[in-house]
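Hi everyone, thanks for coming.

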Amino acid sequence: MAVSQDTISKIKAMPVSSILTACGVELKRVGREFVTQCLWHNDKNPSLTISDDKGFVFCHVCQEHNDAIGYVQKKYGITFRDACERIASNHNFTCQFTDENSEQYQQKKLELLKLREVVESQQERFRSSLKDYPEAINFIQSRRIEPSVSREFTLGYDASQRRLTIPIHNHLGQLVGFTARAITDDIKPKYKNSENNPIFNKSDLVFNEYKASEFIRENDECVFVEGHLDVVSLWQHGVKHAVALQGTASPSESVLRRLLSKTRKFVLCMDADAGGRSAVAKFLDSVQGLTLKGELDVKIATLPDGYDPDSFVQEGNDINSLILNAPSWLDWFLANWLNELDFNDKLKIQNVESQIKSLFSRISSPALRAHYYDKASVRLAQNKQSVAAEIAKGFHDSVQVPEVISGWIKPSAADTRRMVEKRLLRIYLHIPSYRFVLEPLAENLVFPETIWLWKRIQELQEICSEDILLNSLKAVVSVSEPAYISKVRSILTPSFSVENDELSIMHIEDILMEDQKNKGNLN
Ligand SMILES: [Zn+2]
């Protein structure tokens with residue numbers, strides 16, 4: 001018997017904080033949210049934010065994203081059903097269950113069990129065939145897969161089809177099916193997957209997800225490649241946070257939800273051919289909502305023409321630095337478009353112009369948007385002044401960006417002050433030794449976003465130790481009003497080094513004290 005939808009909806013409509021409080025969890029209020037210790041990692045400080053508005057709990061440190069029921073399950077180590085019952089009893093209502101036909105339920109369970117048994121016995125057969133057929137061993141050796149890695153991935157051999165079998169596990173580590181690769185070129189198709197069935201649902205499977213999980217968290221990054229053997233090869237070469245989508249170019253919603261709970265950084269490292277490029281485009285298309293909002297950071301690692309990740313590492317090339325230096329997807333798009341440009345073809349230029357505009361105009365963060373408009377116009381200007389100036393003019397009609405082509409324009413007093421206020425908070429957060437100097441100056445902040453952040457810092461300081469402040473603050477900011485997130489994000493994770501010299505501090509002091517009389521006029 002399952003918990004009824006009515007009961008689940010009722011629990012989901014309740015404030016998360018009241019459910020946690022009823023379980024004896026101590027919450028501390030920070031702005032509109034609450035914080036408490038995280039249950040999902042060894043947390044000595046309050047890193048878990050509880051948002052009643054959004055109905056979730058979120059840990060910035062381990063990225064756990066869950067709801068009240070999930071929290072109660074974790075706290076007591078109990079099932080979903082038991083957690084619902086406990087919440088209902090704490091709040092004096094009855095937990096209702098659906099009248100599921102138990103015979104039907106048993107039948108379904110039996111069917112799943114049978115499917116599991118089938119793949120398990122197939123796997124046993126494939127594993128034992130591997131050592132009986134020299135052609136299979138030869139193929140593995142020709143791919144330079146080490147015996148220990150072949151064992152780790154439990155590769156096998158399907159002698160009837162002459163295929164190397166690569167077992168596929170779901171995100172819980174259960175064997176659910178196979179991908180099989182032909183060992184000679186005359187066997188078509190090259191790759192063959194298990195048929196979709198109740199345990200093998202291609203769109204919900206990511207090859208190597210289970211094993212890669214801890215490495216994805218550890219690296220705070222997930223690398224996507226096209227081929228299963230690319231994953232195996234990268235693993236062998238120490239890149240253990242790589243996965244491959246199972247027979248699709250774009251991750252499904254459930255796959256995204258699972259992976260985003262581990263990291264917000266993806267690197268796409270597809271084959272350097274037409275297929276790979278189209279895979280990148282499809283992938284980017286499917287996550288664009290998240291990337292434009294700044295909720296997911298995607299980078300594109302481009303291999304030299306004709307290579308796939310496997311052949312690249314086999315030749316002794318450094319895949320780590322390729323991944324590390326991968327440009328963001330926006331830079332990748334920009335470079336692709338501009339590389340294709342023929343500066344004598346006005347129609348093409350206009351086409352590229354509108355592509356750039358239509359993409360960049362949807363970037364949520366105004367700072368990032370301005371940055372990319374800037375970048376595009378500068379890149380165009382390097383090629384041909386007159387055309388670029390025309391295009392740049394087009395940009396300025398639709399958005400407000402600094403005039404790039406005709407040179408530096410002095411920022412307004414309000415812009416300077418905003419910059420300085422942000423610098424103050426940045427130094428305050430990242431260089432604790434300056435805090436005593438900056439604290440009195442912070443009383444003079446005038447912008448809503450800087451004042452907002454300063455209040456949160458002060459609240460957190462009462463409950464946090466110095467070194468953990470930044471992570472707790474990130475947790476609070478990540479669930480705050482979108483308007484504030486985009487304005488203060490760069491303060492929390494500066495993409496450039498934090499200025500710590502005395503001159504910077506003096507400048508902050510100058511601007512903040514000097515402009516005090518103009519306070520009312522700025523915003
Ligand atoms: Zn955590």
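**Two crossing helices**

Let's start with helix α3, residues 68-76, and helix α4, residues 80-90: their axes come within 9 Å and cross at roughly 105°. That makes α3 roughly perpendicular to α4, a label for angles of 65 to 115 degrees. Before I go on, this is a predicted model, where local features need pLDDT of at least 70 and side-chain atom pairs pLDDT 80 or more, while totals for chains, interfaces and linings use all residues. Residues are numbered from 1 along each chain as its sequence is written, and side-chain values use heavy atoms, with hydrogens and water left out.

So who touches whom? On the α3 side we have Ile69, Val72, Gln73 and Tyr76, and they meet Phe80, Ala83, Cys84, Arg86 and Ile87 in α4; contact here means heavy atoms within 4.5 Å. Sorted by class, that contact has 7 nonpolar, 1 polar and 1 charged residues.

Now, helix α1, residues 5-13. Thr7, Ile8 and Ile11 are buried there, meaning under 20% relative accessible area with a 1.4 Å probe, protein chains only. Down the axis of α1, the buried residues fall within an arc of 100°, so they line one face of the helix. What do they pack against? α2 (16-22), α3 and α4. On the other side of α1, Gln5, Asp6, Lys12 and Ala13 are exposed, which is over 50%.

Zooming out, the protein chain has 23 helices and 14 strands, and of its 523 residues, 46% count as buried.

Definitions and conventions. Axes are lines fitted to C-alpha atoms, for helices over the stretch in contact, and angles run from 0 to 180 degrees between N-to-C directions. Helices (H or I, at least four residues) and strands (E, at least two) are DSSP runs, numbered from the N terminus. Angles under 35 degrees count as roughly parallel, over 145 as roughly antiparallel, 65 to 115 as roughly perpendicular and the rest as oblique. Ala, Val, Leu, Ile, Met, Phe, Trp, Tyr, Cys and Pro count as nonpolar, Asp, Glu, Lys and Arg as charged, and the others, Gly among them, as polar. The arc is that of the directions from the helix axis to the C-beta atoms.
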